[in-house]
Structures are given as C-alpha cells and as structure tokens.
Amino acid sequence: PPDAPVFDASDGLSEAELMAVAVMLNPDLQAARASIGETEALLISAKTLPNPEVGVGFGVGLLGTDGFKLGTDLLFEFLKPGEREARQAVATARIALTRVEVLAREYEIAAEIRRLAFNVAVAEQAIVILDAELALRQQATGLVRRRRDVGEANDLDISAVDLELVVVQRDRRLAQIELEQARLALNRELGLPPSSVITLESSGKPLEVPLIDAVQFGDLDERLLSSRLDLKAREAAYQVSEEELRLATARQFLKLKAGPLYEHDGVSENFAGVSASVEIPIFDRNQGEIAEKTAARDRSRAEYTAALHRLRSEAAAALARVRAIRAEIDTQQREVLPLLERSQTLSRGAFEARELNVLDWVTAQQRALRTRRAYLDTVISYRRALLDLEALSGFPVWRFAPLPEPSSLSPQKRNAP
C-alpha cells in the first residue's frame, strides 16, 4: 500500500517490521482477505430488485365461435415493508463481520510472530552462551593436560574434562538444531520460503528482557473489552444475527404482485387494466425462520459471553504467572546470583592455586552452569509469559487491510450482547 511503512532490512528486522511483513505476506491472511470480496457481493444482491413476471394466455373459438382470446400481463413483485432495508443491513453486517475477522486473524498472526521471533533470539543466545562455555572447557582441557605433563594430574582427570567438553559440544549441536527449527517456523509464519535468511535486529546482541510492573486485573479487564479483536468479531456476529432476525420478521407479511393487463376477446373486443396477485399468509407466516434466527441470535450472545469468560480466565492466569515468575527472578537476583559469582571466584582461585583437584573443579563448573541456565530459563519464561499476557490483553499491530467503519465494529447499544 502507498501508506505502508518503509524499513531497511539490512540492519535486521525489528519486532514491528516482522509483524508488518507477516501481515502482508502470510498466505492465510491473503486467503482471508479474499473472502471480503465475496461478502461485498452480498450487498449487490441485497440492493437488486426482483425481476418482473410476464404471463400470456391464448385461446381459439370452438363450436363456431368467431375470433380468439388473448391475455397478457406484466407483474412486478412489491417487497414487503422493510424487507429491502433489512436485506441491505444483513449484507452490511456480514461485510463488517468479515473485515473484523480478518483483523482478528492479523492480530493472531502478529502475536505468533512475536513469540517465534523471541524463540529465534533465545536460540541464538543459547548458542552464544554455549560457545563461551565451550571455550572455557577447551581452556580447562588444555590446562589439565599440561598439569598431567608435570605430574599434577592423572588420566582420570583428563577423562573427566574430556567428558565435560564432549557434553558441551553435544549441547552446542542440539542448540544449532533448535535455532534452525525456530528460523523455519518464523519463515513459515512470515509467508517466506524455508530457505530465506532473516536477520533479526536483536541478533548478535545480549538477550534483553525488561522487568516491568504487571498491570492490575481491573485495567486488564478493561483492555480485553476495548482491544480484543476476536471479541469485536463476536459482536459483529451478534449484529449479523440481529439483522437476519429483522429480515425474517419482515418476511412474515403478505406478498403482493401487480402490473398492467391486456386482453383481446373475440373478434374486436380489447381490454386493458391492472392485474394483481396476493399471497395471503394464513398458514405460513415465516414462523420457522423467525424461530431459527431468534435461536441463532441467542447463540451468538451466549458465544460472546463464553468467549469473554474464557479470555478473562486466561488473562487472570497469565497475570498470575507473570507476577510469580517476576518474584522468582527477584529472589534469584537477590540470593542466587551473588552466591554463584562468589562460588565461581573462589573455585577459580582455588583451582589456579592448586588447592582444588580437577574433579572437584569440574563438579563446581557443572553446578555453576546449571545455575546460570536455570536463571536464564526463568528469565525466558518471564518474557514468554509477558508475550502471552500482551497477546491476551491486546497490543497495537500493523494493519494493512482496510478498517471497517467504527459503527460496524460493534452493534448499537440496543443490540449489544
């Protein structure tokens, strides 16, 4: 689109740029947008008047009767009171529903792109950490071998450090596989070929996870009602059912057809007038369709209530998870990390001073590695919990599909579920 944001991919794609690419290129979204044209065609049909009907009758004289009889009429169907307006309202509501559903799908894709991009960043950071660990293990292996050469280490020490080195190398290979899988998943959601190489803005930088104060549940509940596009889609679906009920109600009245009439009778007698046909709704007053559309409207209201209840429950769970993990991070920063730094400093000094044997030093390094990974996993879990919370509560995303009119995003107050 001409007003689409322009960005430079050479310096890596930011989170917003990734969402913009996905909204433009994702094939699922392109298929969803194609459905807008189908629903717009409904409005054309709703505005079209019924075709007129032509009736012709012909008869010849019998038993000596002179001349012939010819009758013809042109009948126009008169729509029932409010029927045409109701048909147009149904079509307009369906167009609004389709547009909001596309926007809701865009929102889902954008939220998933944020998760997948973070997975790639986590996988890249894991490789960076493992590379540093691998360098330390290689340095330790060389140091232990030199000690063996001077008689300060034995083959058991060499085996221990070699095993530690092999384990870290294995973890490094597995981390590379995870990174490749994360990139493939991101390319798939972006709508790019699997072989595409995407550079993230965060690539090569330390993984930054901001620690923020979580919102209060009352604010979160308000954002659910104002920002969740799937709830807007539920509201639009309710509006469709309301307009369909109004159309079914309009169709319960009598059907009238009328138009000009011409008749020729006998040899020279010609007549002109008006012909009319009326369907009297004695037995069928469209009760079945009215009952069906009433039930459909009630179902739409119930589905909206159920969706809102589910979102509130999920938001409360996500908020509780964010708060719990944030508390755990604060505890580890206050209690675990200082002890880890002190332990590593002491063990390193003791090993260099030959006060610590190789096996004890390897054990200390393994314990430190597990502790660092546990802290990193906690931070990563916190960021993922934040992404889930933001996706539940609503966040601004790049939109390239035309926005429906504000009045069509939600039903009028009298029709609100």
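Glu124 and Arg183 form a salt bridge, with the closest N and O atoms 3.2 Å apart (a side-chain nitrogen of Lys or Arg within 4 Å of a carboxyl oxygen of Asp or Glu). The pair links distant parts of the chain, Glu124 in helix α3 and Arg183 in helix α4, 59 residues apart. Glu124 is buried, at 14% relative accessible area, whereas Arg183 is partly exposed, at 37% (buried, under 20%; exposed, over 50%; partly exposed, in between; 1.4 Å probe, protein chains only). The model is predicted: local features need pLDDT of at least 70, side-chain atom pairs count only at pLDDT 80 or more, and totals for chains, interfaces and linings use all residues. Residues are numbered from 1 along each chain as its sequence is written, and side-chain values use heavy atoms, with hydrogens and water left out.

The count of salt bridges comes to 33. One of them joins Arg115 and Asp388 (2.9 Å, N to O). Arg115 lies in α3 (residues 83–149) and Asp388 in α8 (residues 358–393), 273 residues apart. Arg115 is partly exposed, at 25% relative accessibility. Asp388 is also partly exposed, at 24%. A network of salt bridges links Glu15, Arg114, Arg383 and Glu390.

Helix α4 (residues 155–190) has 36 residues (helices are DSSP runs of H or I, at least four residues, numbered from the N terminus). Gly191 follows α4 and has a positive phi, near 85°. A salt bridge also joins Arg170 and Asp171 (3.0 Å, N to O). Arg170 is partly exposed, at 40% relative accessible area. Asp171 is buried, at 15%.

Note on methods. Helix = DSSP H or I, 4+ residues; strand = E, 2+ residues; numbered from the N terminus. Expected span 1.5 Å × (residues − 1).
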